Every structure is written in C-alpha cells, then in structure tokens.
Amino acid sequence: MNTLEGNMILSGARIAIVAARFNDFIVDRLVGGAVDTLKRHGASDDELTLVRVPGAWELPLAVDKLAATGDYAAVIALGCVIRGGTPHFEYVCSAATKGVAEAQSKHQLPIAFGLLTCDSIDQAVERAGAKAGNKGVEAASAVIEMVNLCSQL
Ligand code: INI
C-alpha cells in the first residue's frame with residue numbers, strides 16, 4: 001500500500017497568520033500557540049507574517065487576499081466568537097466558516113481554521129491553552145502537515 005502523509009518539519013515555507021482583534025484576550029493565546037508551534041517545527045521569524053483584522057467576519061477577505069498573492073505556503077485563520085443574546089453569533093460564525101473554506105478551495109492552499117465558536121467565555125478559555133488544549137497549536141500543526149502533504153499530491 002502506498003501511504004502519503006506530510007511530515008512535521010518546516011523548511012523555507014512562508015506562512016501567514018490572520019488573527020481577529022475581537023476577544024483578543026483569547027485570540028492572542030491562539031496566536032502565541034501557533035507561532036510557538038511553527039517555530040519549534042523549523043520556521044524562522046522572517047518566514048512568518050501576522051495580519052490583524054477587526055473580527056471573525058473579516059477573516060475570509062484577508063485570508064483570500066493573502067492566498068491570492070502566491071507568496072505563502074499556507075494561511076492560518078484565528079479568532080474567537082462567543083455566543084451572545086442575539087442571532088449575531090450564528091451569522092458571524094457561518095460567514096467566517098464558509099468564507100475560509102471557500103478561500104481554501106479557490107486557491108488550493110492549506111488554510112487552517114482556528115476559529116473558536118463558543119457558548120461561553122469559559123469554553124473559549126478552555127480552548128486557548130487550558131484543559132481543552134490550544135486551538136492555535138492545533139491549527140499550526142495542521143498546516144505544517146498539509147504543506148508537506150500538498151507538496152507530494
Ligand atoms: N467578532 C468576533 O471575532 N467575535 C465575536 O464574538 C463577535 N461578536 O460577538 O460580535 C464579533 N463581531 C464582530 C464582527 O466579526 C465584525 O468585526 C463586525 O461586525 C464588523 O464587521
């Protein structure tokens with residue numbers, strides 16, 4: 001059986017991180033986890049670009065534009081949406097999810113989806129470096145593997 005899988009070593013891959021400012025006390029933890037993971041797997045500072053956007057709603061446009069440059073091997077989208085008392089949460093989550101997925105298909109580039117969609121602040125804290133891990137670390141690990149897998153596909 002032939003098995004294709006990406007290794008976890010980064011070598012010369014430029015990676016962009018798009019991070020929402022909204023709920024920055026959570027998102028900054030995701031950014032920290034992603035950057036630490038990329039560096040520990042071989043990325044140098046000058047290969048990493050951090051782009052800030054206002055909120056999760058704005059993630060797809062920035063992701064799409066970065067992917068269109070052709071300068072990056074992958075993009076990581078990071079943000080945190082916390083449910084409030086109105087349907088706003090559903091609209092923002094659904095647009096961000098759909099937009100990031102569309103950019104990945106359109107540009108055929110690994111785009112990690114590190115958007116927390118939580119019912120409470122506690123759920124967000126748990127996923128930003130507490131008992132449910134750090135979703136920024138998971139997103140970075142996924143792009144490292146996918147960059148290396150895509151070079152074989
Ligand atoms: N953006 C977020 O990233 N997280 C949220 O929880 C959030 N809430 O709750 O409203 C949020 N809203 C802002 C939105 O992403 C846009 O930035 C705003 O609507 C301007 O376009």
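Trainee: Where is the place of Asn 148, and what makes Asn 148 count as buried?
Mentor: Asn 148 belongs to helix H5; helices here are DSSP runs of H or I with at least four residues, strands are runs of E with at least two, and both are numbered from the N terminus. A residue is called buried under 20% relative accessible area, exposed over 50%, and partly exposed in between, with a 1.4 Å probe and protein chains only. Asn 148 has a relative accessible area of 16%, so the term buried applies to Asn 148.

Trainee: How reliable is the model behind such values, and how are residues numbered?
Mentor: This is a predicted model, in which local features need pLDDT of at least 70 and side-chain atom pairs count only at pLDDT 80 or more, while totals for chains, interfaces and linings use all residues. Residues are numbered from 1 along each chain as its sequence is written, and side-chain values use heavy atoms, with hydrogens and water left out.

Trainee: Which residues is Asn 148 in contact with, leaving aside neighbours within four places in sequence?
Mentor: They are Gly 6, Asn 7, Met 8 and Ile 9, where contact means heavy atoms within 4.5 Å.

Trainee: Why is Leu 61 called exposed?
Mentor: Leu 61 lies in helix H2, residues 59-69. Its relative accessibility is 57%, and the cut-off for exposed is passed, so Leu 61 counts as exposed. The C-alpha atoms of Leu 61 and Gly 99 are separated by 7.7 Å, although these residues are 38 residues apart along the chain.

Trainee: Asn 23 and Gln 108 each have a positive phi; what are the values, and is each residue buried or exposed?
Mentor: Asn 23, in the loop between S1 and H1, has phi near 55° and is a residue other than glycine. Its relative accessibility is 17%, so Asn 23 counts as buried. Gln 108, in the loop between H3 and S4, has phi near 50° and is likewise a residue other than glycine. With a relative accessible area of 65%, Gln 108 is exposed.

Trainee: What is the strand order in the open sheet of 4 strands, and why do S2 and S4 stand at the edges?
Mentor: The order is S2-S1-S3-S4, with parallel pairing; two strands pair if DSSP finds at least two bridges between them. Strand S2 (48-53) and strand S4 (111-118) each have a single partner strand, so one side of each has no neighbour in the sheet. From one strand to the next, the twist averages 15°.

Trainee: What lies across S3 and S4?
Mentor: Helix H3 (residues 88-107) does, running at about 170° to S4. Such angles run from 0 to 180 degrees between N-to-C directions, with axes fitted to C-alpha atoms, for helices over the stretch in contact.

Trainee: What makes a set of residues a nonpolar core, and how many residues has the largest one?
Mentor: A nonpolar core is a set of buried Ala, Val, Leu, Ile, Met, Phe, Trp, Tyr and Cys residues joined through side-chain atoms within 4.5 Å. The largest has 27 residues, and among those touching the most other members are Leu 10, Ile 15 and Val 143. H1 gives the most to this core, with 6 residues. A second, separate core of 23 residues includes Ala 56, Ala 77, Val 92 and Ala 103.

Trainee: How many helices and strands are there, and why is the protein called as compact as a globular protein of its length?
Mentor: There are 5 helices and 6 strands. The radius of gyration is 15 Å, close to the 15 Å that the globule rule gives for 153 residues, so the protein is as compact as a globular protein of that length. The radius is taken over C-alpha atoms, and the rule is 2.2 Å times the number of residues to the power 0.38.
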